Amino acid sequence: MLIRGKVIKFGDNVDTDVIIPARYLTSSDPMELARHCMEDLDPTFAKRVTKETVLVAGRNFGCGSSREHAPLSIKASGVQAVIAESFARIFYRNAINIGLPILESAEAARRIKEGDEVEITLETGIIRNCTTGETFQAQAFPPFLQEIIAQGGLMNLVKKRVSS
Amino acid sequence: MDVKMTITEKIIAAHAEKERVVPGELVRVKVDLALANDITAPLSIKELEKHGIDQIADPGKVVLVADHNTPCKDIPSAQNVKLMRDFARKYGIPHFFEGGNVGIEHVLLPELGLVLPGDLVVGADSHTCTYGALGAFSTGMGSTDIAAAWALGETWLKVPESLRFVFEGEPQPFVTGKDFILFTIGQIGVDGARYCAMEFTGSAISRLSMDERFTMANMAIEAGAKNGIMEADEKTLHYVRSTGARREPKLYRSDADAWYRNTFTIDVSKIEPQVALPHLPENTRSVQSLPRIEIQQAVIGSCTNGRIEDLRMAASILRGRKVHPGVRLLIFPGSPRVLLEAEKEGLLRVFLEAGAVLAPPSCGPCLGGHLGVLAEGERCISTTNRNFVGRMGHVKSEVYLANPYIAASSAVLGYIAGPDKL
């Protein structure tokens, strides 16, 4: 699967409280959550994000609360993929479970700039910066996680096991 | 082959029904308990419904705690709790807590004897790592992972590498388990233990009360850890017996020559009472080193510091004193049992006479939900666990993390300082 998008860039330790503040967590409707995605970090985010946005961030993206509302709000806002130097582990699991593409590459996270155009081949984890011509190789997913991704999220896999 | 393992590896191996596991290995494990709260459970329930899954492997291993936006702050919160209540009824889930039975989940579950040493617990709440204080493996996940665990009775894990933290020495006055963990996070950073097990050991840990151990394990996630853990000892077993637990604890110990990615030795006699400045728990300073930082609110409670010993610490400072007129002091006992014990010991009277607001057991303002959120420009000293941007309210408010002594003395003084300044 090929993803193309324009980059919005954030720094280190973007926590799930700023991705989606707790005051909105009485809702679990992705579209409602998307309206407030990142608003405490960047009030203009909801206006800037499009169906062709790729987020790039530094270390420990998604740290803090386990709220799955965080990747849900990012996905529903239109973001096609998140590239980070590293992810907090609960966010990492949540993103895979709900089908938000994430890629870990320290080099890509450092070198890609706000506004760059990037192209990602999900199967291979190759990230190409179309603006500069650079390419980066993201960490490969272990086979078990690839299976979750291929099934379109964890619950489809659970459904299969329950009915067999 | 003689295989050396850490306590974390042993518990995971036992639940994977394997002789041994090694860090980095992906395993399927049976879970002893899978919990969710009124923010995360609704998503889990909706995921099951959306996929037409109506199998719960063992309703006795599901725990639902309505503690975050309760007593329900608005109609959507009430709808969420209703969803949990209906789900509990439909599947015959015995461990659903609300109303007068509810406490903050990570205070409540251990004291009800629902988590025991040697257990493997997962929860749709990042502070699920609290139960490591009992010598259990416990870790936070998202709502979908917990829905899967409810349906299948198992989950998948990557076996974490272990980091060992050896705490030695005698702490100074007003230095608590909270200061040990804040100091540690200050040293290694908010991703210093990312994906790892933090194993706390040493003579200073043995001397800690169970309540202080819970505080330490609770904040392992604040260093990015998968779990925090301590070996069970006599204090643990005494605690577990006092809960009337119906299952037998299983005791695991790390092998003497087990592999650790790193070992840190910390002399606690050198630690002064800590304060984590906005907006990361790693921004720790000694309280002595701070300039005069005026506060408008102080919060004592939460899954980190809402236990009876925390209230005793606060009361020891507040007895015979008054909260500063410019400060709102909010006290959240962590559970009905804590509240009752505080009543018995006369602590509630101390709080009320000092001019504190006594709140029900709830997560309340910790995550900016309700019962004490902050306005623009306000500062709060808090015994909670996170001081992220906007965590307790307005995006331009500030949270300073500290132990209950410091929170109480700051509430009296009107600025952040220790009891020595009273």
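**Exercise 1.** State the area buried between chain B and chain A, and the share that carbon and sulfur atoms give.

Solution. In this predicted model, the buried area is about 3,900 Å². Carbon and sulfur atoms give 58% of that area. Next, count residues: chain B brings 51 residues to the contact and chain A brings 42 residues.

**Exercise 2.** Describe the polar side of the interface of chain B and chain A, then find which element of chain B gives the largest share.

Solution. Start with pairs: 22 residue pairs are in polar contact across the interface, both residues at pLDDT 80 or more. Then turn to elements. Helix 5 of chain B gives the largest share of the side that touches chain A, seven residues. By class, that side of chain B holds 22 nonpolar, 16 polar and 13 charged residues.

**Exercise 3.** Work through the salt bridges between chain B and chain A.

Solution. The count is four. One of them joins Glu154(B) to Arg161(A), at 2.7 Å from N to O. Another pair is Asp17(A) and Arg391(B), with closest N and O atoms 2.8 Å apart. This pair runs from helix 1 of chain A to the loop between strand 17 and strand 18 of chain B. Are Asp17(A) and Arg391(B) buried or exposed? Both are buried.

Methods: Residues numbered from 1 in each chain as written. Chains lettered and ligands numbered in written order. Predicted model: local features only at pLDDT ≥ 70, side-chain atom pairs only at ≥ 80, totals over all residues. Heavy atoms only, no water. Contact = heavy atoms within 4.5 Å. Buried area = accessible area lost by both parts, 1.4 Å probe. Salt bridge = Lys/Arg side-chain N within 4 Å of Asp/Glu carboxyl O. Polar contact = N/O pair within 3.5 Å; in protein donor to acceptor, adjacent residues only side chain to side chain. Helix = DSSP H or I, 4+ residues; strand = E, 2+ residues; numbered from the N terminus. Nonpolar A, V, L, I, M, F, W, Y, C, P; charged D, E, K, R; others polar. Buried < 20%, exposed > 50% of the residue type's maximum accessible area, 1.4 Å probe, protein only.
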